[in-house]
Amino acid sequence: MEKIHNTLRDSPVARWTALILLALTMFFAYMFIDVLAPLSTQLETSLKWSPDTFGAVAGSEYFLNVFVAFLIFAGIILDRIGVRRSAILSGILMVIGASIKLYGISDHFNAGGFGYDFFNSFWTGFPASAKVACMGFAIFGCGVEMAGITVSKGIVKWFAGKELALAMGLEMAIARLGVFSVFRLSPYLAEQGGITLSVGVGTLLLLIGLLSFSVYFFFDKKLDSQTDSLRTASDPEEEFKVSDLKAIFTSKTFMVVAGLCVLFYSAIFPFQKFATGMLESRLGMTTVEAGNLFSYFPIGAMILTPFLGWFIDHKGKAATMLFAGSLLVIICHLIFAITPVENFTFAVALGAIILLGISFSLVPAALWPSVPKLVDNKVLGSAYSIIFWIQNIGLMLTPILIGWSLKVSNPGVAERILAGEDIKYNYTVPMLIFAAFGVAALALAFYLKVLDKKKGYGLESPNIRK
């Protein structure tokens with residue numbers, strides 16, 4: 001009788017522990033991504049960051065990933081050196097970038113500290129603090145996006161053929177908890193010790209995340225040693241070759257998925273940067289009140305995403321969920337854009353935020369577990385990196401576009417705020433732009449359903465193999 005061999009991934013305790021170690025770092029990373037998002041009003045008054053400056057800093061997270069194509073190289077590095085080494089490298093990059101951003105917004109730097117005169121000597125219309133923050137955030141962006149694809153491949157490594165979508169859903173839920181936490185915590189910390197305290201705590205948490213990746217290193221190493229011992233000469237592992245990337249770029253279905261991803265996420269993540277300011281404007285709230293209200297956004301994603309992952313594992317219907325999620329994001333942004341002032345109440349805003357949270361459950365829960373159905377495992381890291389790279393183009397440009405549109409559609413408002421007037425921005429145009437991204441995503445989601453039905457990729461089929 002054939003002997004059955006088990007590896008560490010066959011132990012539920014081991015694989016779920018590995019998931020927690022990976023997800024914990026992403027929890028802290030998501031906190032740092034949005035640590036300044038609830039503080040746009042305070043940044044405008046304390047550091048003289050206008051909406052277009054704030055948008056530029058928000059978009060800088062993706063600059064090196066897009067223009068230096070770091071994410072493409074990150075995917076190749078991941079497929080070459082493996083999950084555990086890529087995890088450590090990404091964690092180090094996040095800590096370095098966060099530390100630079102912290103220094104840029106610190107009182108010490110802005111009081112004429114090291115490097116201030118240099119950064120203040122060029123492009124004088126852009127604050128020196130914003131320039132340093134952009135540089136640090138760009139390095140952090142390299143680390144967090146590399147961590148994203150590393151964690152995705154790591155989960156596939158531990159959960160392929162098992163509870164893959166559920167595991168990815170739980171990882172995303174834990175990460176979304178980071179968004180909830182930062183919208184609650186960051187305004188409070190800023191009130192207690194200034195913006196520097198908020199960013200400083202975020203940087204400290206990233207150090208803890210690096211430690212979590214370090215512990216995961218040993219789990220991953222043990223799994224690899226077991227897998228290598230079971231692999232026979234007649235069943236060698238296929239080696240990654242750069243030429244294998246051609247199959248990814250020439251896949252119509254893969255590029256449709258990538259396009260849907262960039263459009264959907266461009267309607268979500270950049271919106272998080274401006275949501276607090278929008279709620280302050282429309283409801284006359286304080287920064288803390290607006291941050292608390294928007295903090296409910298990831299709650300729906302936290303609760304629903306694991307259940308949706310379980311459903312996809314057992315029942316399928318991923319392509320249908322992509323369509324439904326894209327539809328909901330349109331409805332949400334139209335509510336913010338066109339609801340008359342007299343009808344835009346706290347309850348209406350909360351309802352729209354909950355809809356956005358449900359949308360943010362449907363699309364990610366369906367999207368990421370579907371990628372392994374479209375590409376070979378040997379190029380899976382590169383496939384995720386290409387999707388993230390295309391996504392980063394949108395995430396870099398959209399905050400710049402929204403900040404510019406907010407300023408242009410509110411002529412003279414930025415100058416009046418700097419002069420001390422109590423006046424608010426009108427967010428109608430930015431919200432319509434976000435809704436337009438949702439419409440385009442919906443069109444691609446419909447096309448993806450057609451392609452899946454025609455080609456039989458199995459996007460509507462369950463993940464768990466019986």
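Modeller: Happy to. In the largest cavity, H9 gives the most to the lining, with six residues. Please keep in mind that this is a predicted model.

Colleague: How many cavities of 30 Å³ or more are in the whole structure, and what is the volume of the largest?

Modeller: Searching the whole structure turns up three cavities of 30 Å³ or more. The largest of them has a volume of about 320 Å³.

Colleague: Which helices each supply at least two residues of its lining, and which residues lie nearest its centre?

Modeller: The helices that each supply at least two lining residues are H1 (12-33), H9 (128-159), H10 (164-193) and H19. The lining has 21 residues in total. Nearest the centre of the largest cavity are Met26, Tyr30, Gly148, Arg176 and Phe388.

Colleague: By class, how many residues of that lining are charged?

Modeller: Sorted by class, the lining of the largest cavity has 14 nonpolar and three polar residues. The charged ones number four.

Colleague: Now to H19. How do H13 and H19 cross, left-handed or right-handed?

Modeller: H13 covers residues 252-266, and its axis comes within 8 Å of the axis of H19. The two axes cross at roughly 35 degrees. The crossing of H13 and H19 is right-handed.

Colleague: Which residues meet there, and how many of them are charged?

Modeller: From H13 come Phe254, Met255, Val257, Ala258, Cys261, Val262, Tyr265 and Ser266. They meet Ala383, Ile386, Ile387, Ile390, Gln391, Gly394, Leu395 and Thr398 in H19.

Colleague: Is Thr398 buried or exposed, and what does it touch?

Modeller: Thr398 is found in helix H19. Its relative accessible area is 3%, so Thr398 counts as buried, the cut-off being under 20%. Leaving out residues up to four places away in sequence, Thr398 touches Ser266, Pro270, Phe434 and Phe437.

Colleague: And Ser382: buried or exposed?

Modeller: Ser382 also has its place in H19, which spans residues 380-408. Its relative accessible area is 2%, and under 20% is the cut-off, so Ser382 is buried.

Colleague: What is the C-alpha to C-alpha distance between Ser382 and Leu322?

Modeller: In sequence, Ser382 and Leu322 are 60 residues apart. In space, C-alpha to C-alpha, the distance between Ser382 and Leu322 is 22 Å.

Note on methods. Residues are numbered from 1 along each chain as its sequence is written. This is a predicted model: local features need pLDDT of at least 70, side-chain atom pairs count only at pLDDT 80 or more; totals for chains, interfaces and linings use all residues. Side-chain values use heavy atoms; hydrogens and water are left out. Helices (H or I, at least four residues) and strands (E, at least two) are DSSP runs, numbered from the N terminus. Buried means under 20% relative accessible area, exposed over 50%, partly exposed in between (1.4 Å probe, protein chains only). Axes are lines fitted to C-alpha atoms, for helices over the stretch in contact, and angles run from 0 to 180 degrees between N-to-C directions. A crossing is left-handed if the near helix is turned anticlockwise from the far one by less than a right angle, and right-handed if clockwise. Contact means heavy atoms within 4.5 Å. On a 1 Å grid over the protein atoms alone, a cavity is a set of points where a 1.4 Å probe fits but cannot get out, and a pocket is an open set with protein on both sides within 12 Å along at least five of seven lines; lining residues have an atom within 4 Å of a point. Grid points are joined across faces, edges and corners, and a volume is the space filled by probe spheres set on the points. Ala, Val, Leu, Ile, Met, Phe, Trp, Tyr, Cys and Pro count as nonpolar, Asp, Glu, Lys and Arg as charged, and the others, Gly among them, as polar.
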